[in-house]
Amino acid sequence: MTELAITLNGAPRQVAGPASLDDLLRELGLDARVVVVEHNRQIVRRAQLAATPVSAGDSIEVVHFVGGG
Amino acid sequence: MTVDTPFELGGREFQSRLMVGTGKYRTNDEMVAAINASGAEIVTVAVRRVDLDRANDAGILHHLPADRYFLLANTAGCYTADEAIRYARLAREAGFNEFIKLEVIGDKETLLPDVEGLLTATRQLAGEGFKILAYTNDDLITALRLEDAGATAVMPLASPIGSGLGLINPFSIRTIKRRLSVPVIVDAGVGTASDACVVMEQGVDGILMNTALAQAREPVAMAHAMRLAVEAGRAAWLAGRMPKREVAMPSTPEVGMLA
């Protein structure tokens, strides 16, 4: 186990590695069906989350739908 | 009697010509009740970061089942074409549909659109297969260029977002509607039911509103009023109003009066 320093939704964060994006969502308690993940500015399809490793220095955005006009 | 046709938008048909936003409601329950009272089928949502400090933050989808509402994501808050394109792609990845309400804002105080950025983003996203509803000002030339750029619908404003000032320039809206082939949906500025009615009386295809419902004293009651106003305005447009005259014309016969 190693600690990976990443930027998550604009803030620095340490996550336990090795981890995939799917692992990260699980650790955050998020349902992959209602969020969209952007990994170093690339959108990662849901089916690819488990196969995409998190690396030190990654910038990850997790977004969802909120109220808006 | 002229029977209205369904509202067609990007190959889909809708019964309601009223579209509503989901922002600024006091509670989610009130939002859902207002949407249902409005009769709207198309409901706008925005893309934002998940708040990681709020555990089990379900977002808004929990309250808006996608089999019941047609979710139209917007790019509100984007100030450049690149930013709006990024948000549009994220929204599409959420997996509901390829429609996007495209906003590229040019000015923080008025929230008026950045026309250059809007056209750039429209061209790019149309090429990627998006169906774009472009929020724009009430300028005919911009509306024509958006249509040429591949917009599915053009959404000129009645007045600035959240202002509630109503329809400032009916002439511009009528001109845009007359000259465009794609649907024209008036977006932003409606404050109360008469505003919505006047907008629909210009012959546009639909109307989108948010603040007028969310910030009414009673959003559910206002949503009901807006539903009636949109239906009344549309019906009046289909009926064809009488010509305006600068002089009076008696509606009672003048023959047969007592001598």
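**Notes on the predicted model**

1. Setting aside neighbours within four places in sequence, B:M226 has contacts with B:L18, B:S38, B:A193, B:A196, B:M209, B:A212 and B:L213.

2. B:M226 also belongs to the largest nonpolar core, where it is among the residues with the most contacts inside the core, together with B:L102, B:A134 and B:I207. That core has 94 residues. Helix α2 of chain B (residues 81-93) gives the most to this core, contributing 7 residues.

3. Strand β5 of chain A (residues 59-67) deserves a separate look. Of its 9 residues, 7 are buried, so the strand is largely enclosed by the rest of the structure.

4. Which strands of chain A pair with β5(A)? One of them is β1 (residues 2-8), which runs parallel to β5(A) and is joined to it by 2 bridges. Another is β3 (residues 36-39), antiparallel to β5(A) and joined through 4 bridges. A:I60 in β5(A) takes part in both pairings: it stands opposite A:L8, and it is the bridge partner of A:H39.

5. Strand β4 of chain B (residues 42-49) runs antiparallel to β5(A), with 5 bridges between them. In this pairing A:G67 faces B:V45 of β4(B).

6. Most peptide bonds are trans, and most residues other than glycine have a negative phi. The bond between A:G17 and A:P18 is cis, with omega about -5 degrees. A:P18 sits in the loop that links β2 (11-17) to α1 (21-28) in chain A.

7. B:K24 is not a glycine, yet its phi is positive, at about 70 degrees. The residue lies in the loop between β3 (18-20) and α1 (28-38) of chain B. Is B:K24 buried, exposed or partly exposed? It has 16 C-beta neighbours inside 10 Å and therefore counts as partly exposed, because burial would take 20 or more and exposure 12 or fewer.

8. B:L111 is another residue other than glycine with a positive phi, near 55 degrees. Its place is the loop of chain B between β6 (99-102) and α3 (115-127). B:L111 counts as partly exposed because it has 18 C-beta neighbours inside 10 Å.

Conventions:
Residues numbered from 1 in each chain as written. Chains lettered and ligands numbered in written order. Predicted model: local features only at pLDDT ≥ 70, side-chain atom pairs only at ≥ 80, totals over all residues. Pairing = 2+ DSSP bridges. Core = buried A, V, L, I, M, F, W, Y, C linked by C-beta atoms within 7 Å. Contact = placed C-beta atoms within 7 Å.
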